[in-house]
Amino acid sequence: MPTYSYRCPEDSRFDLVRPMAEADEPAQCPHCGQPSRRVFGAPALRAMDSRLRRALDAGERSADAPEVVTSVPGRSRRATPVTRDPRHARLPRP
Ligand SMILES: [Zn+2]
């Protein structure tokens, strides 16, 4: 079951795990017992590790705006270095 956030009239915030069908119904505050409304926002994101958040953001961005590259990542345009080892002369050529 998912976790939802609620804020009571006395401005205390609490999370509740409840079925999706009941998510929008007022929840009773565990501190004062008053009915509390669901709040939206990013309390879970704030607590999330910044590296994880960056990775998730990048993954989301790449879904509709993939980064354009002009060459294969991790490869340079430099020519293959020439070897001076005589044993390499016997290796098959592409
Ligand atoms: Zn309360």
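Me: Buried means under 20% relative accessible area. In this predicted model, what percentage of the 94 residues of the protein chain count as buried?

Reply: The structure is a predicted model, and its protein chain has 94 residues.

Me: Which pattern do the helices and strands of the protein chain follow along the sequence?

Reply: The protein chain contains two helices and four strands. Read along the sequence, these elements give the pattern β-β-β-β-α-α.

Me: Among contacts between residues at least 6 apart in sequence, what percentage join residues at least 24 apart?

Reply: The contacts considered are those in the protein chain between residues at least 6 apart in sequence. Within this set, the share joining residues at least 24 apart is 26%.

Me: Which residues are the protein donors of the zinc ion?

Reply: The donor atoms are SG atoms, lying 2.2 to 2.3 Å from the zinc ion. In sequence the donor residues are spaced C-x20-C-x2-C. They are Cys-8, Cys-29 and Cys-32.

Me: How many residues apart in sequence are the parts that Cys-8 and Cys-32 tie together?

Reply: Both Cys-8 and Cys-32 are protein donors of the zinc ion. Cys-8 lies in the loop between strand 1 (3-7) and strand 2 (13-17), whereas Cys-32 lies in the loop between strand 3 (27-28) and strand 4 (35-39). The pair therefore ties together parts whose separation in sequence, in residues, is 24.

Me: Is Cys-8 buried or exposed, and what is the relative accessible area of Cys-32?

Reply: The relative accessible area of Cys-8 is 5%, and the limit for buried is under 20%; Cys-8 therefore counts as buried. Cys-32 is partly exposed, with a relative accessible area of 31%.

Me: Why is the pair formed by the rings of Tyr-6 and Phe-14 given the class that it has?

Reply: The count comes to one aromatic pair. The rings of Tyr-6 and Phe-14 have centres 5.8 Å apart and planes at 25°. Planes under 30 degrees apart meet the criterion for stacking, so the pair of Tyr-6 and Phe-14 is stacked.

Me: What is the relative accessibility of Tyr-6, and what is that of Phe-14?

Reply: Tyr-6 counts as buried, at a relative accessibility of 0%. Phe-14 also counts as buried, with the value for this residue being 7%.

Me: Which residue meets Asp-11 in a salt bridge?

Reply: The structure holds four salt bridges. In one of them, the N to O distance at Asp-11 is 3.2 Å.

Me: How far apart are the closest N and O atoms of Arg-51 and Asp-49?

Reply: Arg-51 counts as exposed at 59% relative accessibility, whereas Asp-49 is partly exposed at 39%. These two residues form a salt bridge, and the separation of their closest N and O atoms is 3.4 Å.

Me: What is the N to O distance in the salt bridge of Asp-85 and Arg-87?

Reply: Asp-85 is partly exposed, with a relative accessible area of 23%. Arg-87 is exposed, with a relative accessible area of 56%. The side chains of Asp-85 and Arg-87 meet at an N to O distance of 2.8 Å.

Note on methods
Residues numbered from 1 in each chain as written. Predicted model: local features only at pLDDT ≥ 70, side-chain atom pairs only at ≥ 80, totals over all residues. Heavy atoms only, no water. Phe/Tyr/Trp six-rings, centres within 6.5 Å; stacked < 30°, edge-to-face > 60°. Buried < 20%, exposed > 50% of the residue type's maximum accessible area, 1.4 Å probe, protein only. Contact = heavy atoms within 4.5 Å. Donors = N, O, S within 2.8 Å, 3.2 Å for Na, K, Ca; no water.
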